[in-house]
Amino acid sequence: MGRRIIVALLAMLAFTSPVRVAAQDARALLEQAAEAMGGLERLRSLDNVTYTGFGQRAYYQGGGNITGDPQAPMKWQNVTDVQRTLHLKTGVADYQERWGQEFPFAGTFGLDYQRRTSTQSGEQLLDHPLPALLAALADDTELGPVTWEDGLTVIAFTPANHSGPAWIALDPASHLPRFSRWTSPHANLGDLTTTAWFSGYLPFAGVQLPMGLRQELDWRGVTNLMLQIDSYRMNVPASQLPRVASVTIAPPPPPQAQVTSLAPGVWDVRVNGAGAAVVEFANRLVMFEAYGGEAQTLLRIDAANRLVPGKQVEAVIVSHHHFDHTGGLRAALSRGLEVISHRGNESILRELAERPATRFPDALARNPRPFRFTPVDERLVLEDATRRLEIYRVIEHSHMPNGVFAYLPAERIMLEGDLGDEAWNYHFWGSGYAANIAHYGIAPETNVPVHGSGAIPMATVLANTARQVAAAQELCRTLAEGGRFQQGCPVQYDAEGALALEPR
Ligand SMILES: [Zn+2]
């Protein structure tokens, strides 16, 4: 063994030795970090720090890509005009940003770059090294243990009002915070741990602050946020800060499931403007979509289970993997429902089903059930003496290549998610209805979309789609006039099919 290798091995041992870790005192390490950032007294004397910047955020934490394939291209939200004031003495932050989708989107709200304002508190302030370090050094914070990770010193700390630990990692050379980490509950992903990486420290009025913030999830290593800071200001006077109204909003009335009969043995079961059909078979009920979140899906299942004495919802058809459409997947599994979806969604749905929720137990953690999956390739028919339900793979649809929709041929009812929505402002994949109806030779009279007020005549759906396609074309035209070229422009499909290309 060469001398150089032995030296390297000894260095590695020293680096990972638990003895050395145990000898370090968490508080002393944190105080050293405060010293490196500008001195604890200086940090504690700050009233506020305000920064501005811009960046990108993963749409639905990476659960909004065209498919659930880990190699599917990421969909990003563009975040601009960010301004955040960290009120360090009170532990709250005022946050403002403008954002727009960097992909074709159906709603004005996703494309309008309106400034949005929110007030943040608690763990929401752990994503920046300054409030994170001050939280770790607070008198009532519980510290420890100290561990090593990839050459960084990692200190666990539990602030007084937290249900479990957060972590801060220090660079052994500069002593500056390298990352912070915390766990929060997530409807689709169970316990979700975020690591916020800090890079590019520069001094501002004697305080070292990072110019780069990047957040990484413990799900597929997704980069959830990339933020580049372009200015820091200390102790900004109130007259220069946004006036964030502290409005007390009355809590909304508890949501209720709204049940509408569509045909004998077919109901629309909806909560807060989203839902889908429940279909009766000889021995069971089958539900379309586990939309929204746990509460919404359990309300729909409970309402459905009251419809026919002796029959329960035993399966759920999942139109596609997008996180709004699978927010209730774990809740549905907790009731033992079989999952039916396109074969291409099996692995992501299994991933969602198998993630732990031990720190923040959800319905599935309290009532664990196995993941049972029935794949759809081109077509799957559920049929018994009383009912025939056909499930088809969605074609000609840039929003969800692994989508399915369902059709009740006797009732001539179509059940679908994200083929369309009466409330959409723009339609960029407008040929979806016509293409699927023609491709599978079906003849729906009524459509039950996941988004919206409920069942609507197919003729109205097609008229809505034509109007929404025209609005998208108009949007693209006005943006181009202003020199801006939005993703999805020019529109490629109208309600009939692909548009003729114009020479460029
Ligand atoms: Zn979708």
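1. Which helices and strands do the buried residues of H8 pack against? There are four such elements: helix H7 (329-334), strand E17 (338-342), helix H9 (363-366) and strand E18 (373-376). H8 itself covers residues 346-354. Its buried residues are Ile348, Leu349, Leu352 and Ala353. Viewed down the helix axis, they fall within an arc of 140°, so they line one face of H8.

2. Confidence comes next. This is a predicted model. The protein chain averages a pLDDT of 93, and 95% of the residues score at least 70. Residues 1-23 are another matter: pLDDT stays under 50 there. For that stretch the model has ten contacts beyond four places in sequence. Where pLDDT is low, the predicted coordinates should not be read in detail.

3. Now the open sheet. Six strands make it up, in the order E19-E20-E21-E22-E23-E24, and the pairing is mixed. E19 and strand E24 (456-457) stand at the edges. Each has a single partner strand, so one side of each is left without a neighbour in the sheet.

4. At the E19 end, strand E19 (residues 379-383) runs antiparallel to strand E20 (residues 388-393), and five bridges join them. Glutamate 383 stands opposite arginine 388 in E20. The two strands form a hairpin, with four residues between them.

5. E20 also pairs with strand E21 (residues 404-408). This pairing is antiparallel too, with four bridges. Arginine 393 has valine 404 in E21 as its bridge partner.

6. At the E24 end, two bridges join strand E23 (residues 446-449) to E24. These strands run antiparallel. Asparagine 447 has its bridge partner in E24, namely isoleucine 456.

7. Aromatic pairs: the structure holds 14. One of them joins tryptophan 219 and phenylalanine 323. Their ring centres are 5.5 Å apart and their planes at 40°, so the pair is tilted. What does this pair tie together? Tryptophan 219 lies in the loop between strand E10 (207-217) and strand E11 (223-234). Phenylalanine 323 lies in the loop between strand E16 (313-317) and H7. The pair therefore ties together parts that are 104 residues apart in sequence. Both tryptophan 219 and phenylalanine 323 are buried.

8. Phenylalanine 371 and phenylalanine 373 form a stacked aromatic pair. The centres are 5.8 Å apart, with 20° between the planes.

9. Elsewhere, arginine 284 lies over the face of phenylalanine 281, at 5.9 Å from the ring centre.

Notes:
Residues are numbered from 1 along each chain as its sequence is written. This is a predicted model: local features need pLDDT of at least 70, side-chain atom pairs count only at pLDDT 80 or more; totals for chains, interfaces and linings use all residues. Side-chain values use heavy atoms; hydrogens and water are left out. pLDDT is the predictor's confidence in each residue, from 0 to 100. Contact means heavy atoms within 4.5 Å. Buried means under 20% relative accessible area, exposed over 50%, partly exposed in between (1.4 Å probe, protein chains only). The arc is that of the directions from the helix axis to the C-beta atoms. Two strands pair if DSSP finds at least two bridges between them. Rings of Phe, Tyr and Trp (its six-membered ring) pair if their centres lie within 6.5 Å; planes under 30 degrees apart count as stacked, over 60 as edge-to-face and the rest as tilted. A charge sits over a ring if NZ of Lys or CZ of Arg is within 6 Å of the ring centre and within 35 degrees of the ring normal.
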